[in-house]
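Here is a friendly walk through the aromatic rings and a few backbone details of one protein model. Have the sequence and the 3D view at hand as you read.

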Amino acid sequence: MPELPEVEIVKQSLKKKIKFKKIKKVIVRNRNLRFKLQNDFENVLKNRFVKEVSRISKYLIFELDNQKYCIIHLGMSGTIYLINKKKQNKFTNLSFYHSRTLSEKHNHVELLFSNFKIIYNDPRRFGYFKIINYQSELKEFFNKIGPEAISEDFNLDYLKKKITNKTKNIKSLLLDQNFVSGIGNIYANEILFYSKMHPKKKAFQINTNEMNKLVKFSKYVLQLAIQHGGSTISDFKNTKSSIGSFQKKFKVYDRENKKCLKKSCNGKIIKKFISNRSTFFCNFCQK
């Protein structure tokens with residue numbers, strides 16, 4: 001599943017390409033995504049200009065010139081492809097966890113512009129589109145999720161209020177989008193390594209110093225991942241066909257049985273399943 005850094009890179013790529021451009025046609029091949037596309041979806045987007053492309057947490061947001069918004073969530077396997085009409089068979093996978101080749105039977109939504117189109121492809125159909133009619137409705141929609149990990153609202157005071165009495169383990173809590181948004185499995189593993197914290201540690205057991213580390217390294221890891229273009233697990237590319245490289249900087253994720261990368265540590269990376277998610281940590285550093 002794409003996490004905040006990967007969605008941010010997709011946003012940056014799309015913004016350069018579609019901002020101030022007109023959506024000339026909308027083709028829906030399958031309305032049955034995670035939530036069924038509304039009946040007037042095509043008419044809401046057709047002939048509208050994209051005023052802005054933004055991101056909140058793991059959601060892409062297209063602001064249209066009719067004061068409406070189109071929210072896109074990529075789900076588990078959703079990918080966005082950009083195809084240039086002038087360069088046949090040259091397309092770019094803007095998303096994450098997927099190959100460069102399109103399986104056309106999973107092309108559910110196409111937005112056609114003058115010289116190019118973007119295709120939403122999703123084999124598992126856990127992603128979705130949602131039309132928001134007013135700015136107040138948009139604000140209400142995102143009030144349901146926790147603050148972004150890279151925002152100023154995710155701070156020591158917030159943690160003290162939220163985790164004091166929680167018995168949930170910290171790994172699961174970091175993945176809870178109602179607690180903090182934007183962190184997925186890969187980055188939760190990395191954040192806990194930098195924080196020297198065992199993933200099974202109960203939230204109420206975390207002291208102030210450890211809370212400060214969680215805040216600091218949540219921001220550090222996500223910002224570093226954005227700087228490196230996200231993590232390419234398969235073929236994730238931006239509009240310049242550049243792949244993300246943060247996977248080269250993984251300290252624990254997908255490094256089972258390998259030596260800890262800290263110079264003073266003789267530990268090795270252990271893999272366990274916590275809340276049905278693969279979890280990687282150092283058996284020496286993270287207590």
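## Terms and model

Buried means a relative accessible area under 20%, exposed means over 50%, and partly exposed lies in between, with a 1.4 Å probe and protein chains only. By that definition, Phe41 is buried, with a relative accessible area of 1%.

This is a predicted model, in which local features need pLDDT of at least 70 and side-chain atom pairs count only at pLDDT 80 or more, while totals for chains, interfaces and linings use all residues. Residues are numbered from 1 along each chain as its sequence is written, and side-chain values use heavy atoms, with hydrogens and water left out.

## Aromatic pairs

How many aromatic pairs does the structure hold? There are 16 aromatic pairs. Rings of Phe, Tyr and Trp (its six-membered ring) pair if their centres lie within 6.5 Å; planes under 30 degrees apart count as stacked, over 60 as edge-to-face and the rest as tilted. Phe41 and Phe129 are edge-to-face, because their planes stand at 80 degrees, with the ring centres 5.5 Å apart. This pair links distant parts of the chain, 88 residues apart: Phe41 belongs to helix α2 (residues 41–45) and Phe129 to strand β10 (residues 128–132). Helices (H or I, at least four residues) and strands (E, at least two) are DSSP runs, numbered from the N terminus. Phe129 is buried too, with a relative accessible area of 8%.

Next come Phe154 and Phe179, whose ring centres are 6.3 Å apart and whose planes are at 85 degrees, so this pair is edge-to-face. The two residues are 25 residues apart and link distant parts of the chain: Phe154 is in the loop between α3 (135–142) and α4 (156–163), and Phe179 is in the loop between α5 (170–175) and α6 (185–194). Phe154 is buried at 1% relative accessibility, and Phe179 is buried at 4%.

## A cluster and two lysines

Phe193, Tyr194, Phe217 and Tyr220 form one aromatic cluster. Over the face of Phe193 lies Lys262, at 4.8 Å from the ring centre. A charge sits over a ring if NZ of Lys or CZ of Arg is within 6 Å of the ring centre and within 35 degrees of the ring normal. Lys17 lies over the face of Phe116, at 4.9 Å from the ring centre.

## Positive phi angles

Most residues other than glycine have a negative phi. Gln67, not a glycine, has a positive phi of about 65 degrees. Gln67 lies in the loop between β4 (59–64) and β5 (69–73) and is exposed at 53% relative accessibility.

Arg125 has a positive phi near 60 degrees. Arg125 is in the loop between β9 (116–121) and β10, and is partly exposed, with a relative accessible area of 34%.
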